[in-house]
Amino acid sequence: MVKVLAVLYKGGVHANDEPRMYGCLENELGLREWLESHGHTYVVTDDKEGPNSVLDKEIVDAEIVITTPFHPGYINRERIAKAKNLKLLVTAGVGSDHIDLTAANEKKITVAEVTGSNVTSVAEHVVMTMLTLVRNFVPAHEQIVSGGWDVAAVAKNSFDIEGKVIATIGSGRIGQRVLKRLGAFDPKELLYYDYQALPAEVEAELHCRRVASLEELVAQADIVTVNCPLHESTHGLVNKELLAKFKPGSWLVNTARGAICVKEDVAEALETGILRGYGGDVWFPQPAPASHPWRAMRNKYGGGNAMTPHISGTSIDAQVRYAEGTKSIIATYFAGTKEYRPQDLIVIDGAYATRAYGADKAVRKA
Ligand code: NAI
């Protein structure tokens, strides 16, 4: 009998409104019946902060822990140290930076995520956020809701995506999908920066060009989007120093991870005009405190903020996919074969299985 612990966000009344909202506390990733029918124990909580949290108490004897990036149960070194039975950490979604992967490797704990499950959902959100910022949608909408009508106040800061240079930091599954969708807007150029170059035929298909350095990339782009994982070398990557190299008045969209951007530096860049807009759905920490500068920040035109809570990768379509993927990873664990989908593995048997978390990480499987 295995004890499975899941940390999920609270659905409240909304959990009943949409039973396919599997990622919430009440709908339990749809796993309870299946787990209990096989004699396993299933504990689900949203209580994840501090030493007296349910997560801290229940992790002590859990063998499998499921977390999500949306309401991240931070599985740090201390928690891993006291989780004596822990063998498998599953991220229901994509992005396992809320787990101390070094500590997991030391304990030979497998970390797997449902690769690809929400990448289209995120790519759609990225394109939506670009349009929201560049067209100056939020102030226009707020004006209408509050009973106003002032075309000039919005139009003075509203542009087209057509003819712009658009760049992605990271050209993996999401980055490529963003580039593919942006092609339809007839941009001037699509650029990418990634230490893993795309095959020439993919570059040709996406009409994109690789730029050798990050500094060169941001200096050329009207719109920059962040689509790389959070790891040691991307933590605080977009800081004051890099922002100073951005094209003045550009837009920045980050749906990757909040901590890739330095929050105070982004807010300041919006105030000074280095950035005309910033949007995305990822924060650090999550939930974001009421005082987080990204909630209230504005550009000099009173707009430029297209932030949402962490929703891009948790559309209902995505939840159906990551709930199924989570079950499949756990079923493989129970089977004892280790025949996981190779692309789902982040670390296994004490080694990295992917290069996405750093150029220097070993590739265990293709
Ligand atoms: P992926 O693994 O397919 O692609 C990531 C790419 O980033 C790889 O090509 C890798 O080489 C590149 N990369 C890594 N470090 C880099 C660096 N320092 N500079 C430039 N490129 C670098 O991952 P995928 O599926 O595209 O997801 C990317 C990230 O998006 C996830 O790790 C996660 O943090 C975030 N995400 C956010 C979601 C949301 O709901 N907001 C949902 C899904 C993913």
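This is a short talk on a predicted model of a protein with a ligand, starting at the ligand and then moving to the sheet and the loops.

Let's begin with the ligand. Which residues come nearest to it? There are 27 residues around the ligand, and Arg173, Ile174, Asp194, Gln196 and Thr255 come nearest. Please find those five in the structure before we go on.

Now the polar atoms. The side chain of Asp194 has an N or O atom 2.6 Å from an oxygen atom of the ligand. His310 also takes part through its side chain, with a polar atom 2.9 Å from a ligand oxygen. With Gly313 the backbone is involved: one of its N or O atoms lies 2.9 Å from an oxygen atom of the ligand. How much of the ligand does the protein bury? The ligand alone exposes 860 Å², and 94% of that is buried by the protein.

What kinds of residue make up the shell around the ligand? By class, 12 are nonpolar, 11 are polar and 4 are charged. Domain 1 covers 3-117 and 315-357, domain 2 covers 119-307, and each gives at least three residues to the shell.

Next, the sheet. How many strands form it, and in what order? Seven strands form an open sheet, and reading across, the order is β2-β1-β3-β4-β5-β13-β14. The pairing is mixed.

Let's walk across, starting with β1, residues 3-7. Is this strand mostly covered or mostly open? It is mostly covered, with 5 of its 5 residues buried. Lys3, Leu5 and Val7 point one way from β1, while Val4 and Ala6 point the other way, and all of them are buried. Note that Lys3 is on that list of buried residues.

β1 pairs with β2 in the parallel sense, over 5 bridges. To locate this pairing, look for Val4, which stands opposite Tyr42 in β2. β1 also runs parallel to β3, residues 64-67, and 3 bridges join the two. Here the pair to look for is Ala6 opposite Ile66 in β3.

Further along the sheet come β4, residues 88-91, and β5. These two run parallel and are joined by 4 bridges. Val90 stands opposite Ala112 in β5. β5 itself, residues 110-113, is covered on both faces. Thr110 and Ala112 are on one side, Val111 and Glu113 are on the other, and all four are buried.

Last, some points in the loops. Two peptide bonds here are cis. One goes from Phe284 to Pro285, with omega near -5 degrees. The other joins Gln286 and Pro287, where omega is about -5 degrees. Where do the prolines sit? Pro285 lies in the loop between β11, residues 275-280, and α14, residues 293-296. Pro287 is also placed between β11 and α14.

Then there is phi. Asp186 is not a glycine, yet its phi is positive, about 55 degrees. This residue lies in the loop between α9 and β7, residues 189-193. Asp186 counts as partly exposed because its relative accessibility is 49%, and the exposed class begins over 50%. Lys338, again a residue other than glycine, has a positive phi near 60 degrees. Its loop runs between α15, residues 316-335, and β13. Lys338 is at 44% relative accessibility, so it too is partly exposed.

One more loop residue is Gly30, between α1, residues 14-17, and α2, residues 32-37. At 47% relative accessibility, Gly30 counts as partly exposed.

Note on methods:
Residues are numbered from 1 along each chain as its sequence is written. This is a predicted model: local features need pLDDT of at least 70, side-chain atom pairs count only at pLDDT 80 or more; totals for chains, interfaces and linings use all residues. Side-chain values use heavy atoms; hydrogens and water are left out. A residue is near a molecule or strand if one of its heavy atoms lies within 4 Å of it. A polar contact is a pair of N or O atoms within 3.5 Å; within protein, one must be able to donate a hydrogen and the other to accept it, and residues adjacent in sequence count only if both atoms are side-chain atoms. Accessible areas come from the Shrake-Rupley method with a 1.4 Å probe; for residues, only the protein chains shown count as cover. Ala, Val, Leu, Ile, Met, Phe, Trp, Tyr, Cys and Pro count as nonpolar, Asp, Glu, Lys and Arg as charged, and the others, Gly among them, as polar. Domain bounds come from an automatic or database domain assignment. Buried means under 20% relative accessible area, exposed over 50%, partly exposed in between (1.4 Å probe, protein chains only). Two strands pair if DSSP finds at least two bridges between them.
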